[in-house]
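Please keep the sequence and the coordinates at hand while reading.

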Amino acid sequence: MAVFLVYLALLSFLSRCSAQWCYQSQYSCDDACKDPSRWVAQFPSCGGLRQSPINIVTSKVRVDSALPPLDFMGHNSRINVTAENLGHSARFVLPQSVRLGGGALPGQYRALQFHLHWGVNGRPGSEHTVDGERFPMELHIVHIKEPYGSLAEAERDMAGLAVLAFLFEETTEDHPHLNDLIAALGRVQNNGSTTVIQDFQLCDILPPARELRSYYRYVGSMTTPGCEQVVAWTVFHKTLPVSNRQLVAVAQQCRFWTGQPMTDIFRPVQPLDGRVVYRSKAGAVLPDFIAVLPCALSLLAMTFT
Ligand SMILES: *[C@@H]1O[C@H](CO)[C@@H](O)[C@H](O)[C@H]1NC(C)=O
Ligand SMILES: [Zn+2]
């Protein structure tokens, strides 16, 4: 009986492993789980012609003066954000009040979640690369087009999702608000655990809108299975700061579903397959006080309530 139970447990472990997709970094499961080169065996879209991430070759980028700034809505609201360990990554769930418009997107979008892609031991872990350079980390904010209610519904639309991508650049000083996210990741160490960050503001993490007028735009996919080819990608030129200490810490908080440290969670870059990457023509820079107004106003609102 005991032998049978062990056999059953082993079988269930193996099947769980082989049915799951994984990143290259999950060595002990390497023979069983599907690493990025084998995602396509189970998820056909991962072998499609509009895959992400990509390497952005700046000399081949086409400037498109018809790409206006994006409209960010709800970025200065104080929200409660639930962090979840999904076994292969960790995400921060956003309320529907966070929305996106403008940017020549074919409609309005509402936010679902944001998440980070990182490396290990302070080594680069971004998904997109620029002229072959990998950045320390990458933040994705995933939005779904209105009025769709689910990814499955949005899949019928080539731009059913809009993902905003922010690349990080290493700085000597800490990013002042990143520590709250790192602490939350520390509270969701294992697959399935959740925690809440209260009074969170996206504008604390992101640069002011005036610094986000310059961006790359291309059509691509989700960078995790099923690699749905329904994403209007926006990769901002402006980087976010992260210190080496924070970069090392962020990759030390979570574990994969297999129990190994959650490190090097990025998909290798995919072929362009004839796609063109466009770049917006950055508009005039507004005075600082206008750009910082949203966060400042909400602070004032806090003071007087
Ligand atoms: C966040 O959660 C706290 C505690 O549950 C609650 O009092 C507060 O109203 C929530 N804030 C929002 C914006 O939902
Ligand atoms: Zn992502």
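Which residue in E9 is the bridge partner of Thr-129? The partner of Thr-129 in that strand is Arg-134.

## Basis of the report

This is a predicted model, in which local features need pLDDT of at least 70 and side-chain atom pairs count only at pLDDT 80 or more, whereas totals for chains, interfaces and linings use all residues. Residues are numbered from 1 along each chain as its sequence is written, chains are lettered from A and ligands numbered from 1 in the order in which they are written, and side-chain values use heavy atoms, with hydrogens and water left out.

## The chain as a whole

The protein chain has seven helices and 16 strands, where helices (H or I, at least four residues) and strands (E, at least two) are DSSP runs numbered from the N terminus. Of its 305 residues, 48% count as buried; buried means under 20% relative accessible area, exposed over 50%, and partly exposed in between, with a 1.4 Å probe and protein chains only.

Among the contacts in the protein chain with a separation of 6 or more, 73% come from residues 24 or more positions apart, a contact being heavy atoms within 4.5 Å. The accessible surface of the protein chain comes to about 14,100 Å², and 57% of this surface belongs to carbon and sulfur atoms; the areas come from the Shrake-Rupley method with a 1.4 Å probe, and for residues only the protein chains shown count as cover.

## The zinc site

The zinc ion (ligand 2) is coordinated by His-115 through NE2, His-117 through NE2 and His-140 through ND1, at 2.0 to 2.1 Å. Donors here are N, O and S atoms within 2.8 Å of the metal (3.2 Å for Na, K and Ca), and water is not among the atoms, so sites may look incomplete. Along the chain, the donors of the zinc ion (ligand 2) follow the spacing H-x1-H-x22-H. Because His-115 lies in strand E7 (residues 109-118) and His-140 in strand E10 (residues 137-145), the pair ties together parts that are 25 residues apart in sequence.

His-115 has 12% relative accessibility and therefore counts as buried, and His-140, at 2%, counts as buried too.

Strand E14 (residues 231-236) is mostly covered, with six of its six residues buried. In a regular strand the side chains alternate between the two faces of the sheet. In E14 both faces are covered, with Val-231, Trp-233 and Val-235 buried on one side and Ala-232, Thr-234 and Phe-236 buried on the other.

Two strands pair if DSSP finds at least two bridges between them. Strand E11 (residues 161-171) runs parallel to E14 and is joined to it by five bridges, and Leu-164 stands opposite Thr-234 in E14. Strand E13 (residues 215-220) runs antiparallel to E14, with six bridges between the two, and Tyr-215 stands opposite Phe-236.

An open sheet of three strands has the order E1-E8-E9, with mixed pairing. Its edge strands are E1 (55-56) and E9 (133-134), each of which pairs on one side only. E8 and E9 run antiparallel and are joined by two bridges.

Ser-126 lies in the loop between E7 and strand E8 (129-130), and at 0% relative accessibility Ser-126 counts as buried. The side chain of Ser-126 reaches the backbone nitrogen of Phe-135 at 2.9 Å. Not counting residues up to four places away in sequence, Ser-126 touches several residues, including Pro-136, Met-137, Leu-167 and Phe-266.

## Backbone details

Where do the two cis prolines lie? The peptide bond from Ser-52 to Pro-53 is cis, with omega near 0 degrees, and Pro-53 is found in the loop between helix H2 (39-42) and E1. A cis peptide bond also joins Glu-146 and Pro-147, with omega about 10 degrees, and Pro-147 lies in the loop between E10 and helix H3 (151-154).

Asp-131, in the loop between E8 and E9, has a positive phi near 50 degrees although it is a residue other than glycine, and with a relative accessible area of 46% Asp-131 is partly exposed. Asp-199, in strand E12 (residues 194-200), has a positive phi of about 55 degrees and is not a glycine; its relative accessible area is 47%, so Asp-199 is partly exposed.

Methods: Polar contact = N/O pair within 3.5 Å; in protein donor to acceptor, adjacent residues only side chain to side chain.
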